[in-house]
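Hello,

Here is the structure I said I would pass on. My notes follow below it.

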Amino acid sequence: MSKILFLTTSHRYDDDRIFHHQAKELLKQGNEVKICSLCADFRGDLAGIEIESYSILEKSSEEKVAAFQKVIDSFQPDCLICSEPLAIIAAKKYSKSEKVSLIYDITEWYPSMRMVANFKFPLNIIHAVKFFLIQVYAGFLSTHFIFGEKTKKFPLAYFFPFKKKLILPYFPDEEYIHENIKTLATNEIKLCYTGQFSEEKGIGNFFEAVSKVKEKNPDLKVSILLIGGTRKDKDQIFFENLMEKYHFPNLEIRKSTSFESFTETYSDADICFDLREVNFENHHCSPIKIYYYAGSGKPVIYTDLKATRNDVEVSKFGYLVHPKDSGLISDLILKYFENPDLYRQHATNARQLFEEKYNWKLISKSFVDFVNFALK
């Protein structure tokens, strides 16, 4: 039995990828598994996985590294899986002295736009370069790479081509999917947006498209389901202005729920949307929830982004669009309403693609084999 430790700064200890998929799978294979996160307080046992988590994201880098190193020294892992550069840096001394593998699981674009958003020119450029160099340093310290998607391979896969690597997409386990393939009503349609209510994530684009649908077919009852909320003050102001501008009568807001019940919260929706803005970072980040929508049997309308276009066969269960083309988006929504057979075909295709291509059981063995290889 091997001891495997996950380290993460910005993901919760019960993160869907780390806890619900990777850690549970390694535990199932007979390993002793522990997770240390620095963004939420919890110490104890969850589903047989040891958790030692602290809410110290606002502390200095030195204090965060010290917290990680304390956990490492007490657990004495045979392998470490880290999600951010700081975790890699914290584990470097132990990895080298004990000659254990240090796996870097790259799921975020680094440096992200939000990391330099508070800096003005030219400081934003300087900090971007600094963070980029930190990322390269983390790649240098790592022994193995796991990439959440192909577009995240740059720059580390190219700077360190001889290090072992694995592409491990964000496919969900069937256990967390609530399937509900619907038949469209004759005079009603329910449209769903989940996630952060912000301009960058595209809720304004979603509202504008819905408004166009109502203009083109006033007799159609359009229901709107929003799941999530705002995070920043500017997002709250933006969202309040949208609500004041559009005054949609059949609008329901549901709070974010636990990961385990996420797909149940939108099961009554007909179409799911992600109309985030087009920018460099979004082009390289595959929207994870599209796999959950597919598993639920929901047709989708998504921003045409490079990562989404390359990783998902969206044309079989939905459409890729420019997020600001509200005219086209509204036409596509009405196309489903006017052609129930097309809707049913896309809904069925979504579920079929999940079963055949986009579920965790198809890739879990490759993940376990990769970790076992790193343990040797």
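Which residue is the bridge partner of Cys39 in β4? The partner is Ser55.

This is a predicted model, in which local features need pLDDT of at least 70 and side-chain atom pairs count only at pLDDT 80 or more, while totals for chains, interfaces and linings use all residues. Residues are numbered from 1 along each chain as its sequence is written, and side-chain values use heavy atoms, with hydrogens and water left out.

Sheet. Strands here are DSSP E runs of at least two residues, and helices are H or I runs of at least four, numbered from the N terminus. Two strands pair if DSSP finds at least two bridges between them. An open sheet of eight strands has the order β3-β4-β2-β1-β5-β6-β7-β8, with mixed pairing. Its edge strands, β3 (39-46) and β8 (164-167), each pair on one side only. β3 and β4 (residues 49-55) run antiparallel and are joined by six bridges.

Helix α1. This helix covers residues 16-28 and bends by about 25 degrees at Gln22 (the angle between axes fitted to the seven residues ending there and the seven starting there). Its buried residues (under 20% relative accessible area, 1.4 Å probe, protein chains only) include Phe19, Gln22 and Leu26. At its start, a side-chain oxygen of Asp15 comes within 3.0 Å of the backbone nitrogen of Arg17. Gly30, which follows α1, has a positive phi near 95 degrees.

Phe367. Leaving aside neighbours within four places in sequence, Phe367 is in contact (heavy atoms within 4.5 Å) with Gln22, Leu26, Ile81, Ile146, Leu166, Leu168 and Trp360.

Regards

Key: Buried < 20%, exposed > 50% of the residue type's maximum accessible area, 1.4 Å probe, protein only. Polar contact = N/O pair within 3.5 Å; in protein donor to acceptor, adjacent residues only side chain to side chain.
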